[in-house]
Amino acid sequence: MNYERAAMLIIDMQNAFIEEESPLCIKGAKPTIPACAKALETARERGIPVFYIKRQYREDGSDVEITRRKVWENGKPLAPGSTGPLSEEFSAELTPKDGDYVIVKPRWSAFFGTELDIMLRGLDVNTVILTGTTTPNCVRTTCYDANSLNYNVVILEDCTSSMTEEIQKANIEDMERMGAVILQSTDW
């Protein structure tokens, strides 16, 4: 596969989704950090633009989706400037560097309500490489939106995560049937 017109998206690899103390923790997320870090290194070596996609809620909670309202009210995870296990911060191994892009998304998909599509088109990107958490929610909705917007989609399976192996497998298989290319980080 030709990656000359690709961009890597690192979706929601923030402390609130990877730290066990957080009520938003995805059990499979933390173990994917080494593979994500290696894939990130490969992307940077190849000159592939890197987009950090993150969830961040307004201080007043007015943009928290209904399904997370009760969790948010109990500790305000992903609040602006938050630190610690409930924070919006990326894991230390996956910290953005100068030249990387950071996109705040208001919902599951990295495309919904963001400038991501405009930025990718401005960079002449036609392929998105998806990593991050969670596979059935944010990775999957981003995959389907990317496909709807006519991007080629590559999923680095070992760089994505779900609450269970069964959920992970079912969602990866569905995205592959839709047309996404499924690879391991060592294969690309």
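**Exercise 1. How many aromatic pairs does a search of the whole structure find?**

Solution. Before we start: this is a predicted model, where local features need pLDDT of at least 70, side-chain atom pairs count only at pLDDT 80 or more, and totals for chains, interfaces and linings use all residues. Residues are numbered from 1 along each chain as its sequence is written, and side-chain values use heavy atoms, with hydrogens and water left out.

Step 1. The search turns up 3 aromatic pairs. One of them is Y52 with F90, edge-to-face, at 4.9 Å centre to centre and 65° between the planes.

Step 2. Now place this pair. Y52 sits in strand β2 (residues 50-55), while F90 is in the loop between α3 (69-73) and β3 (101-105), 38 residues apart, so the pair links distant parts of the chain. Helices (H or I, at least four residues) and strands (E, at least two) are DSSP runs, numbered from the N terminus.

**Exercise 2. Work out which side of helix α6 is buried.**

Step 1. List the buried residues (buried is under 20% relative accessible area, exposed over 50%, partly exposed in between, with a 1.4 Å probe and protein chains only): Q168, N171, I172 and M175. They share one side of α6, because they cover an arc of only 100° around the axis, taken from the directions from the helix axis to the C-beta atoms.

Step 2. Look at the other side of α6, where E166, K169 and R177 are exposed.

Step 3. Find the cover: α5 (135-148), β5 and β6 (181-183) are among what covers the buried residues of α6.

**Exercise 3. Trace how T160 meets Q168.**

Solution. Step 1. Find T160 in strand β5 (residues 152-161). T160 is buried, at a relative accessible area of 4%.

Step 1. The side chains of T160 and Q168 are joined by a polar contact of 2.8 Å. That term means a pair of N or O atoms within 3.5 Å; within protein, one must be able to donate a hydrogen and the other to accept it, and residues adjacent in sequence count only if both atoms are side-chain atoms.

Step 2. Beyond four places in sequence, the contacts of T160 (heavy atoms within 4.5 Å) include Q168, I172 and T32.

Notes:
Rings of Phe, Tyr and Trp (its six-membered ring) pair if their centres lie within 6.5 Å; planes under 30 degrees apart count as stacked, over 60 as edge-to-face and the rest as tilted.
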